[in-house]
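Take a walk through this model, one element at a time. Keep the viewer open as you read.

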Amino acid sequence: MYLNKYLSSSIKIETRLWSSQKKNAAMLDNDDTDSMSSSSSLRSDNNKMVSVTEDVLVDKDALLDQCLDNLYEKRGSTREAALASLIEAFNSNIHHEFVEKKFATLLHQCLNSIKKGSSKEIALASHMIGLLALTAGPGEKAQEILEESVTPISDALKTRLETSKVLALLECLAVITFVGGEEPEETEKAMHIMWQVFHPKLGPNVAAPKISPAIAASAISAWSFLLTTMDGESLNPKSWQESISFLSTMLDRDDRPLRIAVGEALALIFEIGSLDKFVSEPKGSSDNASEDNNARRAVHIQGLRSKVLNQARTLSVEAGGKGSTKKDLNDQRSTFQDVLEFLEDGEVPQNSMKIGSGDSLYTSTWSQLIQLNFLKHFLGGGFMKHMQENEFLHDVFDFIPKKATVSGAGRLSSCEKRLYKSPNSALNKARTQFLNKQRTLAQDFNAGQYSAGDGDEAV
């Protein structure tokens, strides 16, 4: 990644400078002030790390400002590097103050990258917008992110894009809708965009585009992630008819990650209930709510349920074939064993995950499990940090972490340390200029002291 690394070297420079200044001050002291100087030095030693920590906090803000400025640069590689650094920074910390001050600027620059950037830049900008929404949390900012981003993302998904870009755009749309979508209509709009990616509605004599299994799996996962936020009763009855039938056909595809995504989506649909919203009208039925129609519909739903159950039973014990990886096979068997138990006995998979030291996060529904897996995948290495400190995620999972100990306050993570060590970063160059200035002042101070002589007062 394009990280700015400078912390360790700058601390060494500051330590040498601090020691030099201490010696200079000592040369000015007379015998009557020796004890005071010694006491002051001890206090300085005790507060030294506090001062360095404060400097780091200032440098963090400067790093973010520099990255934001670099998003205006004409060179695409510069913008990509800036986005990568911002992503790393937002993964390693919760930058509420920066978002409060620079939210609109960062959002619009990221949207410009989606509209005009390279494949890599689009993917980075999409991920950054998702992180921006998670950091801002529900409210006006998250709503603005959603309103401003839906159209550019939708337009980008309609063009021929590389797989990495499509995956990033889909994840971004899912996250910003999850955080900022306050009305069912907003969520369903995003779900329709995702559904169109892997099951587009085409006119007559129009060939369906070939969709890679990775894109199909990502779109279904994003769709399921948003479905977890919907009440079955609030779904538009005409929007998702035939979804169970279509998804069950996807279970026959050869790609195991795709099958897993479909299996979780189907389990979620059955957990939500309101199955009449997800199935089409059986043949011979009418719009009248007669007993015959209701009975025919119930039989149709039961038939679909039986089909999915049989598919889950088969996939839960499938043998490995040529070219299959052990992990994908084991993941498929585990997922469909859970789906099978749920459809047969109503048992939902119980899961727990350790968060930090002594904390555990529990899930007891398919909705919670899908949300956890999606956000864990999206945040990657930043998941633990956000679960410990992001209040929005605390609310989502009803998770209350133990308070950080005093000894841990202000401590830098290894990820944060990497951000401040690079000698090539723009921020480190500014940092070097500052330290050079301080060094020059110290040298001038020394020169003035020595030139003053024993009988003169140094200024």
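**From a serine to a hairpin and a helix**

Leaving aside neighbours within four places in sequence, Ser224 is in contact with Ala265, Leu268 and Ile370. The model is a predicted one. Ser224 belongs to helix H9, which covers residues 213-227. Its relative accessible area is 3%. Buried means under 20%, so Ser224 counts as buried.

Ile370 is among the buried residues of H14. The helix spans residues 366-379, 14 residues in total. From its first C-alpha to its last it reaches 20 Å, close to the 20 Å expected at 1.5 Å a residue.

How much of H14 is covered? Mostly covered is the answer: 10 of its 14 residues are buried. Trp366, Ser367, Leu369 and Ile370 are among them. After the helix comes Gly380, with a positive phi near 55 degrees.

Now turn to the strands. E1 holds residues 351-355 and runs antiparallel to E2, with 5 bridges joining the two. Between the strands of this hairpin there are 3 residues. Gly356 takes a positive phi there, near 70 degrees.

Which residues of E2 are on its covered face, and which on its uncovered one? Strand E2, residues 359-363, has Asp359, Leu361 and Thr363 on the covered face. Ser360 and Tyr362 make up the uncovered face. Across the pairing, Ser360 in E2 stands opposite Lys354.

Key: Residues are numbered from 1 along each chain as its sequence is written. This is a predicted model: local features need pLDDT of at least 70, side-chain atom pairs count only at pLDDT 80 or more; totals for chains, interfaces and linings use all residues. Side-chain values use heavy atoms; hydrogens and water are left out. Helices (H or I, at least four residues) and strands (E, at least two) are DSSP runs, numbered from the N terminus. The expected span of a helix is 1.5 Å times one less than its number of residues. Buried means under 20% relative accessible area, exposed over 50%, partly exposed in between (1.4 Å probe, protein chains only). Contact means heavy atoms within 4.5 Å. Two strands pair if DSSP finds at least two bridges between them.
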